[in-house]
Structure formats: structure tokens, C-alpha cells
Amino acid sequence: MQQALKLKVNDFAFKLANVNGTGSASANGLLMQAIFRMGIPVSGKNLFPSNIQGLPTWYEIRVSDRGHTARTAEYDLMVAMNAETYARDVKEVRTGGWVIYDSTWPLAASLVREDVTFLGVPFAKLCNDAFVESRERTLMKNIAYVGTLAALLDIDMEIVSGMLKEKFAKKPALMESNAKAIRLGYDYAKAHLECPLTIRLKKMDATKDSILIDGNTATALGCLYAGATVAAWYPITPSTSVLDAFTSLCAKYRTDKVTGKRKYCILQAEDELAAIGMVIGASWNGARAFTSTSGPGISLMNELIGLAYYAEIPAVIVDVQRVGPATGMPTRTQQGDILLCAYASHGDTKHIVLFPANPAECFYFAVKAFDLAERFQTPVFMLSDLDIGMNDWVIPRLEWDDGYKPDRGRVLTREQLEAMPKFHRYSPEDELGVAARTLPGVHEKGSFFTRGSGHNKLGGYTESPDEYQEVMDRLARKHRAARRLVPKAIIERHAGAKIGIATIGGCDLAVREAIEALAARGVAADYMRIRGFPFGDEVEDFFRGHETVFVVEQNRDAQLKSLVILETPTLKRKLRSVLAYGGFPLQAAQVVEGVLSQLPPRDTAATVAEEDRE
Amino acid sequence: MSYIKKPAARHPSLQPNKLGLTVRDYEGSMSTLCAGCGHDSITAAIVRAFYELDTPPHMLAKLSGIGCSSKTPTYFVSGAHGFNSAHGRMPAIATGASAANKELLYIGVSGDGDSLSIGLGQMCHAIRRNVSMLYIIENNGVYGLTKGQFSASSDIGSKSKKGEANTQPPIDPVMLALSIGATFVARSFSGDKAQLVPILKAGLLHKGFALVDVISPCVTFNDHEGSTKSYVHTRKHQLPIIEADFVPHKSEIVADYPEGSTTSVTMHDGSVVRLRKVAADYDPSDRSAVSSYLQKHQSKGEIPTGLLYLDESGVEMHEGAKTVDTPLTRLPFEELCPGNAALAKFQQAYR
């Protein structure tokens with residue numbers, strides 16, 4: 001055996017290899033939460049198959065006292081509970097690391113590695129002796145490794161038992177069996193293995209103002225707080241849990257205590273074409289309405305997104321991106337819908353798109369999406385992804401401003417209509433290029449014909465080139481005006497930086513970590529995370545101010561880079577792409593390698609001057 | 001197409017309704033359809049129905065898809081909000097609109113292309129959801145705006161203007177609606193306004209989705225010999241089997257019919273629809289009997305018309321969704337947002 005790794009406290013990663021449908025999610029969630037409660041920055045990435053039972057599934061946990069919780073593939077320890085993937089799981093452990101395996105059965109000699117330490121725990125035997133039912137034996141094997149890891153990594157057992165008490169408060173039988181299984185794994189490790197390992201945990205105070213939450217729940221919470229009353233959707237991974245969460249939140253907060261009636265209406269549509277239609281119908285009528293979907297759903301919604309854009313009807317569309325094209329890999333993450341959403345539908349269309357980086361921004365941006373949709377009377381996309389949406393993240397506790405008033409945009413009241421000589425839907429426009437709208441049921445004078453066919457600024461049908469263009473030009477102005485109201489890009493400048501790194505959404509943590517790593521290697525880089533489209537002036541300035549900007553994103557075709565080239569004066573040749581699109585969350589190592597392999601940049605002083613003339 | 005706009009002057013004989021509005025107040029802009037189009041007759045029946053129901057124009061939302069039929073909402077009740085949406089997508093838009101505001105009256109006008117081809121799925125699901133709306137299919141068996149292709153309601157053997165015979169079996173919206181739980185199913189003929197107006201009124205007051213399939217000949221592309229959707233063919237084969245009399249809430253029932261020949265159904269607002277059976281053995285409340293009756297007669301080439309099936313006890317969408325009585329659009333924001341204290345409490349479970 002090789003010598004074990006040097007002492008690493010609160011700075012390591014481990015991976016759990018399981019079979020799906022065996023209760024491993026519950027065990028892994030328990031581990032992650034226990035570490036979170038020890039006050040240590042932690043992340044968990046669930047790498048699961050598009051399947052319900054029987055296929056390989058992995059869970060990765062990374063702890064970092066420095067807050068580096070992006071995904072890493074450098075595993076110090078592997079819990080190898082799946083015989084089917086055992087060989088490759090063992091291969092992934094770094095030299096000097098550990099493999100925990102079920103020693104009920106002997107280890108095949110061919111699978112042994114000389115440079116890692118194998119720690120055998122007879123999980124199956126322990127559980128077969130302690131539990132009677134076969135299903136329970138299977139489930140408890142996974143719970144037992146929580147105990148073993150608690151012993152090996154120094155997880156606070158008081159925290160673990162406290163969590164069990166909370167989790168199973170109403171199911172004492174389950175609490176007992178879970179506690180028993182954890183104790184089995186813990187005691188065995190204490191008796192037979194050297195505990196703790198040189199990778200271990202120590203309580204910190206870094207998470208006391210934080211919560212552990214997934215982006216889809218946070219999105220649903222944002223929609224609830226924004227006052228959305230109508231949601232229409234069609235089930236699709238990985239966005240389904242947005243509506244699951246919205247449904248349970250509404251049941252809790254929007255049910256009339258006396259009558260039991262609901263202050264919301266959730267429609268499970270027959271497909272995404274209908275889902276967006278329902279959202280448009282509800283918004284047209286004055287409700288705050290949204291849909292949540294993933295790429296394939298956006299493809300279907302394209303038709304009516306164009307209608308909402310042209311007829312100027314608000315709509316909030318949450319896209320929890322997954323790997324495309326086609327069915328792609330439904331349980332893997334990607335940022336492949338950037339261009340699709342920015343220009344969704346036929347003809348000249350451009351949309352407002354928000355890019356949250358974590359569950360906290362999912363919450364705040366969801367609220368923002370409704371304000372923008374109603375202010376600009378247009379569809380607004382929020383592009384989350386599977387990694388943000390379905391994994392648990394440590395984020396600062398969410399705050400709500402009780403003084404918040406929803407921005408309903410320009411909607412005429414009965415009194416305003418009464419006082420008007422005549423109402424026209426698409427004029428006059430305000431400084432944002434927006435005209436006032438009216439809602440059905442308010443006043444006869446507000447009636448007009450909403451149409452997706454050619455219309456003039458009065459709302460009447462037209463086939464006249466001038467009248468058509470007049471409206472289309474205003475829509476373009478309106479979209480441009482939105483750049484001042486979308487969330488500003490986050491920009492961090494570093495002394496001596498010659499290059500910039502621009503990124504988006506869930507790449508945030510990996511890119512920040514990469515910037516530190518690059519700095520340690522003598523490459524200083526400024527950071528920009530774009531949070532909204534249309535791009536604000538600060539985005540253009542960032543590109544203008546750097547000779548070379550690396551654009552980091554999770555898709556094959558450099559969609560963010562393309563959008564920057566299309567929508568800003570930035571010159572294509574000063575941009576370099578760093579792309580990761582295999583479906584797993586981005587790692588800092590990929591960014592570092594991507595940047596270093598494209599350095600040094602050629603002398604681009606001339607291009608800056610050229611661009612400034614534009 | 002009517003080139004001459006009717007003068008706005010009111011004829012003294014135009015009686016105002018309870019709102020003080022005359023039938024002219026329920027009209028819209030001039031029709032741009034072909035002269036003699038069945039759809040214009042249906043528009044006239046719709047105008048009449050709203051006038052007779054004393055509907056406040058602004059409390060009506062009129063929606064449509066794409067096609068000749070879908071142009072017609074501009075031709076009635078100009079004081080109502082209209083939404084000419086996308087081909088086959090009106091049912092979803094109407095569903096969302098209804099979800100947001102349950103107080104308005106909803107009328108959807110569609111055609112056989114819009115409802116039975118591109119929008120077949122959406123129509124079926126709106127029926128299943130039992131969205132409260134009057135849904136009219138102006139059924140002419142042909143694509144008019146694209147100049148004469150067969151639609152999904154064309155009968156086998158029916159000939160196109162160019163003489164080609166249709167070989168694919170038709171989708172019959174009435175039989176389809178019955179099979180998926182529709183609670184109000186009617187068929188009528190654009191040329192039979194006396195039959196159509198009471199059906200439309202009953203459909204507007206029906207609690208749930210009211211499907212009215214109206215045979216509406218296309219004078220330009222499907223009114224020739226050999227077509228089964230022509231005026232001549234429809235007049236010849238129409239078989240009125242059940243007539244609806246609409247009795248508004250609190251009105252006295254005056255008409256007198258022989259015992260056993262009528263069935264009364266009370267609508268949710270208290271109005272009564274009296275169904276007068278021409279065929280004595282017909283029971284409009286028995287779904288399977290209605291289906292087999294229609295099948296039997298349709299297989300003989302007859303076109304049974306009337307308010308064919310009615311069930312006021314179905315679960316309407318809002319009932320199923322258990323929404324509050326106040327329209328969702330009128331709930332104040334304070335009732336919708338739980339506030340910061342609740343958020344802090346909620347997050348305790350995420351520690």
C-alpha cells in the first residue's frame with residue numbers, strides 16, 4: 001500500500017457509487033447536510049441516470065474551507081457500493097486515496113490498486129444480520145456507510161442523530177432502523193479501521209447564515225413570492241420539481257384557511273405548446289403566470305413565444321437546461337439553450353433572458369422575471385440548469401423585502417379608460433418603447449383585438465410595410481431598453497490582469513476557483529459573469545477593455561460567445577472559448593487548462609483601436 | 001363580403017335589452033368573408049344570442065385560432081376583448097384566460113382545420129378539463145383560406161371543387177366529444193338560425209365546455225354538387241331531433257308542448273333549457289344512447305342536429321382546481337405573498 005495523503009482538513013472530495021433506487025439519495029443527502037451543519041462549505045453533485053431503478057448512479061461531495069465548491073473530479077475517497085461500476089470507480093481515486101468496499105464478499109485481485117488503500121466493511125453481512133426484510137436490508141446497507149464515513153471523516157455523530165430525529169419525527173420505526181444502521185457502520189469502522197483518516201472534517205462557522213437548497217425549489221419560491229397565480233406545465237426532467245415545489249408551496253401558503261379554496265390554479269397541460277398557451281392566456285387576462293420546462297419544451301413553445309412577443313403579452317418561462325439536442329441526456333447538465341431562448345420563434349424576435357448562477361439567484365431572478373415581463377409586456381426567460389436546479393447548494397439565507405410592490409407595468413384602470421377619449425393598444429409609447437395595455441373585463445373602451453397577424457400602432461390589422469415596420473422597430477427599441485433593467489453583470493477586477501474571463505450561470509464557482517488557480521500560476525485575469533440579456537453597457541465595456549477575453553460556457557458551439565459577437569461591437573478575434581459540454585457540472589481544472597492552452601494571446605492592441613472606432 | 005357598411009342610425013323598432021343595448025350594439029366590424037359564407041350567418045346568430053342574454057360586452061372574451069372561422073370574432077361584439085391567436089392553439093389560451101379570471105364569459109370560434117387537425121389535441125384536452133366556454137366549430141369540411149384542401153371533417157367520397165373524392169374517414173367532433181366526456185354537445189346548421197340561437201345561449205350559460213359543431217357551407221370551395229357540406233346537401237339531410245328552448249332565469253315558461261316530449265335542464269344561473277324531442281325515443285342525458293342513436297342515423301347519411309347531449313353536473317375546471325370564488329386576477333398581492341417572516345420560518349427546514 002502507498003502512503004496515505006497528507007493531512008487535509010475540510011478540503012477534499014469523495015464520491016459515492018451506488019445503484020439507483022436503493023435509497024442512496026437519502027444516505028448521501030444525510031452526509032451532505034451533516035457536513036453543512038458542521039459549518040463547512042460543501043457541495044453535492046448527483047450524477048444520476050434517466051431511470052428509476054437498477055442503473056449506476058453517483059454522488060460527489062466536496063468540502064472546501066475556502067468555499068471552492070464547484071465540481072471536482074479529484075476524488076480522495078470512493079465508496080464503491082456498485083459491483084457493476086466497481087472497476088472504473090476504483091480507477092478514479094487519486095493516488096494515496098481510499099476505497100471503501102463491501103467486504104462481505106472477497107475483493108477480486110484484478111480490481112486492487114497498489115496506490116490506494118482499501119477499507120473493507122461487511123455492509124451486507126452487518127445488515128443481513130441486523131434486519132429481516134430484504135428491502136430494508138438493501139436500503140440500510142447505504143445508510144450504514146453514512147456511519148462508517150462519520151467515523152472515518154470525523155463527522156459529528158450528535159449532528160447526525162439530531163438530523164435523524166428531525167427527519168423521522170413522525171416515523172419512529174424508520175428513525176430506529178436508520179439509527180441502528182448508522183451505528184452498525186460507525187462501530188465497525190471504529191473497531192476495525194484506523195479512524196479518522198488524514199482527510200477529515202473539523203467544525204467551522206461558515207454556514208450559519210446559509211441554507212441548503214436546490215434551485216428548483218428556490219425558483220418555485222420566487223414565483224410564489226412574485227404573486228404568480230397561474231402555472232401551466234408539462235412534466236419534463238429536470239424542471240418537474242419546480243412545479244412540484246410550487247404546488248406544495250401554494251398548498252401551504254395560498255389555501256384559504258376557512259374555505260379550503262385555492263388562490264392559485266396549476267394546470268398540467270397536454271404538452272408544452274398548450275402550457276405556454278395557457279400562460280399567455282392567463283397573462284393576457286392579467287394574472288402573473290409562468291411555465292417551467294427544459295430544452296425540448298422550449299422547442300415546442302417557439303410558436304407561441306413569437307405570438308406573445310409580437311402581440312406584447314407578458315410570460316415567464318423557466319428553462320432548466322439539460323443536455324441536447326433531441327432527447328439528449330435528460331439527467332445531465334448543459335447551457336445549450338442560450339441562443340434558442342434569446343431568439344426563440346420565427347421572424348425577427350429577441351427576448352429578455354436572465355441567467356441565475358445558483359439557487360439564491362433563482363429566487364431573486366424569478367421575481368425579477370415577472371417584473372420585467374410585465375414592464376416590457378413580453379416573454380422573459382430564466383435559464384437555470386440541471387446542476388443548479390436539482391442539486392443542493394449552500395447559499396446565503398434568502399431575504400424578502402416586505403416593501404416590495406410588483407411592477408405590473410402600464411395597465412390602464414377603469415378610471416383611466418373612462419377619462420380617455422379613445423384607447424389604442426400600441427401607442428403612445430413611453431421612454432422604454434412600451435405602450436399601455438388593457439385587461440378584459442375592465443371597461444368597454446379598453447377592448448381591442450389581440451392578434452399575431454400584422455398590426456399597426458393602433459392595434460388594427462395591417463399589411464402595409466410602413467405600419468408593420470413602425471411596430472417592429474418599436475419592439476426592437478423596447479428590447480434594447482431592457483438592457484438597463486436586467487440584472488447587471490458581476491465584474492471583479494484583479495491587479496495586473498491582461499485577460500478577462502467572461503462566463504454565465506452555473507459556471508460561476510468553477511471560474512472563480514480557476515481565476516485563483518491561474519493567479520497562483522502567474523496569470524492574472526479579470527472576471528465577469530453575465531446575468532442578463534440584452535447585454536448592459538458594462539458587458540460591452542468589459543469586452544472593450546480587454547485585449548483577450550476567454551468565454552467559458554457549457555455547450556459545444558460557444559453560444560454565449562456568439563451572442564456577444566452578434567449583439568455587441570466586440571471583435572470575434574479577441575474572444576477565446578473554453579467549453580465543457582459533456583453533461584457534468586464544470587470543474588475549475590477544465591477552465592484552467594482551457595485558458596492556459598490558449599495563452600499567450602497574440603498582440604491585439606490593434607484590434608482594440610479598431611473596435612473603438614465602431 | 002359586405003362592401004356597404006350599415007348606417008349607425010338606430011331603427012325605432014330595435015328593442016333595447018335589459019342593459020339598454022340594441023342588437024346593433026353586439027355587432028362588430030364588417031365581415032371580409034365571401035358573400036353567402038355560412039360563417040356570417042353564425043356570426044349573426046352569435047350577435048343575437050348575446051343581445052338576448054343581456055351580456056355586458058366588456059365581460060366577454062372572444063378567442064379564435066387561425067382560418068376563415070377564426071376571423072369572425074372581429075365581426076361581433078366590438079366592445080369585448082378579442083384574441084385571434086395561433087392555428088389550433090386557442091383552446092389552451094382560453095384555458096389560461098379562464099384560469100386567471102373565472103368571471104368573464106368565454107366564446108371560442110374555431111373551424112374544422114383549426115379544431116380537428118392542428119388543434120385536435122388541444123380541443124380534446126379543453127373538453128376533458130371542462131373549461132367553461134362556448135366552443136363553436138364552424139365546420140365546412142374544407143380549408144378555405146388556403147383554397148380548397150380537404151379537412152379532417154370531409155366525408156369519404158365527398159368531392160373537392162376539382163372533382164377529387166376524399167378517401168380518408170372523417171373526424172366527427174360530436175362523436176369525439178361524447179367519447180371523451182363532453183358535458184354539452186350540439187350540432188346545428190348555419191342556415192338554421194332558429195335552432196342555433198337557443199343552443200348558443202344555453203352553451204354560454206353551461207357550466208363547463210359547450211361544444212357546438214355548426215355545419216357552415218363554404219360557398220367558394222365546398223358548395224358544389226358532390227360535397228357533403230354544401231347548403232343543398234345539408235338542407236336535404238338535416239335531421240332535427242331535439243330543439244332547445246331557452247328560458248331565462250325567473251321567466252315564466254309559456255310554451256306548451258305535449259307531455260313526455262320535453263325535458264327541462266336547469267343551468268347554474270337558474271335559467272332553464274327545455275329540450276323538445278322530435279324523436280320520441282331520444283334521451284339527451286344518456287351518453288351511450290345518444291352515441292348509438294347518432295351513429296345509427298349518421299350511417300344512413302342523415303345529419304342529426306340539436307342540443308344532442310347535456311349534463312349540468314360535470315366538474316368544471318375551476319371546481320376541479322378548487323379555486324377561490326374571487327377571480328385570481330383580483331386577489332390583492334398581500335394575499336399572495338407570504339412575506340419575509342414566513343420566508344425565514346420556511347428556511348428553517350433547509351438548515
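Begin by selecting strand 17 of chain A, residues 449-451, together with strand 2 of chain B: the two strands pair in the parallel sense over three bridges. The model shown here is predicted. Within this pairing, select T450(A); its bridge partner in strand 2 of chain B is F83(B).

Next, display the whole contact between the two chains. Chain A contributes 52 residues to the contact and chain B contributes 48 residues. On the side of chain B that touches chain A, at least two residues each come from strand 2 (81-84), helix 3 (90-100), helix 5 (120-129), helix 11 (333-336) and helix 12 (339-347) of chain B. Helix 3 of chain B gives the largest share of that side, eight residues. Colouring the side of chain B that touches chain A by residue class shows 24 nonpolar, 19 polar and five charged residues.

Now turn to chain A and select helix 16, residues 508-520. This helix has 13 residues and reaches 19 Å from its first C-alpha to its last, close to the 18 Å expected at 1.5 Å a residue. Which residues of helix 16 of chain A are buried? They are D508(A), L509(A), A510(A), V511(A), R512(A), E513(A), A514(A), I515(A) and L518(A).

The buried residues of helix 16 pack against strand 19 (499-504), strand 20 (525-530), strand 22 (548-553) and helix 19 (588-596) of chain A.

Finally, select G522(A), which follows helix 16 of chain A and has a positive phi, near 85 degrees.

Terms used. Residues numbered from 1 in each chain as written. Chains lettered and ligands numbered in written order. Predicted model: local features only at pLDDT ≥ 70, side-chain atom pairs only at ≥ 80, totals over all residues. Contact = placed C-beta atoms within 7 Å. Helix = DSSP H or I, 4+ residues; strand = E, 2+ residues; numbered from the N terminus. Nonpolar A, V, L, I, M, F, W, Y, C, P; charged D, E, K, R; others polar. Pairing = 2+ DSSP bridges. Expected span 1.5 Å × (residues − 1). Buried ≥ 20, exposed ≤ 12 C-beta atoms within 10 Å, placed from the backbone.
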